[in-house]
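Hi,

Here is the structure I promised to pass on. Have a look at it first, and then read my notes below.

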Amino acid sequence: MSSLNIAASSLNDFKWEYRIVVAQVDELSLGEFERDLKPQLSQLSDYRLIVFAVLDKEIKVYGATFEESFDSEFRASLVKQLAGKEVALIGFDGGVKRRYGWSDFSWEAVYFLIDTMPMRQAELRSRDL
């Protein structure tokens with residue numbers, strides 16, 4: 001998958017262009033998170049997903065590269081979307097579609113939920129034309 005090169009300073013910069021998965025990850029679980037994500041990388045572009053792994057001192061990004069580093073305000077806005085959970089799916093409209101604990105999170109669940117969304121249905125229909 002080719003990485004997108006994006007300039008963004010807030011979550012609003014992604015509205016109507018990308019869906020976002022935000023995951024709160026610690027240093028110990030980062031390797032496991034990346035192992036689980038690796039087979040999904042080819043699907044990120046199909047689902048127009050960018051994944052942010054929020055660690056204590058940095059943000060890792062999958063599915064895109066950014067022209068600038070993220071400031072603490074951007075990091076805080078990502079953490080706010082989690083609302084006490086470990087993973088959040090943010091839709092094209094910028095709203096949180098679902099928050100997951102690690103026990104109920106799977107990439108299949110994320111894809112299933114996205115596939116039920118009206119804009120995803122429209123994307124799939126336009127491909128069939």
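Predicted model: local features only at pLDDT ≥ 70, side-chain atom pairs only at ≥ 80, totals over all residues.

How do the residues of the lining of the largest pocket divide into nonpolar, polar and charged? They come out as five nonpolar, three polar and two charged.

Residues are numbered from 1 along each chain as its sequence is written, and side-chain values use heavy atoms, with hydrogens and water left out.

Back to the pocket. Its volume is about 180 Å³, that is, the space filled by probe spheres set on grid points joined across faces, edges and corners. A pocket here is an open set of points on a 1 Å grid over the protein atoms alone, where a 1.4 Å probe fits, with protein on both sides within 12 Å along at least five of seven lines; lining residues have an atom within 4 Å of a point. The lining is made up of V25, S29, E32, F33, D36, Q40, W102, F105, S106 and W107. Helix α1 (residues 27–37) gives the largest share of the lining, four residues. Helices (H or I, at least four residues) and strands (E, at least two) are DSSP runs, numbered from the N terminus.

Q40, one of the lining residues, sits in the loop between α1 and α2. With 10% relative accessibility, Q40 counts as buried (buried is under 20% relative accessible area, exposed over 50%, partly exposed in between, with a 1.4 Å probe and protein chains only). Setting aside neighbours within four places in sequence, Q40 is in contact (heavy atoms within 4.5 Å) with W107 and Y111.

Now for α1 itself. Which residues of α1 are buried? They are L30, F33 and L37. Seen down the axis of α1, these fall within an arc of 70 degrees, so they line one face of the helix; the arc is that of the directions from the helix axis to the C-beta atoms. L28 and R35 are exposed on the other side of α1. Among the elements that cover the buried residues are β2 (19–24), α2 (41–46) and α4 (107–115). At the N-terminal end, D26 caps α1, with a side-chain oxygen 3.1 Å from the backbone nitrogen of L28.

Over in helix α5 (residues 118–128) you'll find L124, which is partly exposed at 27% relative accessibility.

Finally, some backbone angles. W16, in the loop between β1 (4–6) and β2, has a positive phi near 70 degrees without being a glycine. R48 is not a glycine either, and has a positive phi of about 55 degrees. R48 lies in the loop between α2 and β3.

Cheers

Terms used:
Nonpolar A, V, L, I, M, F, W, Y, C, P; charged D, E, K, R; others polar. Polar contact = N/O pair within 3.5 Å; in protein donor to acceptor, adjacent residues only side chain to side chain.
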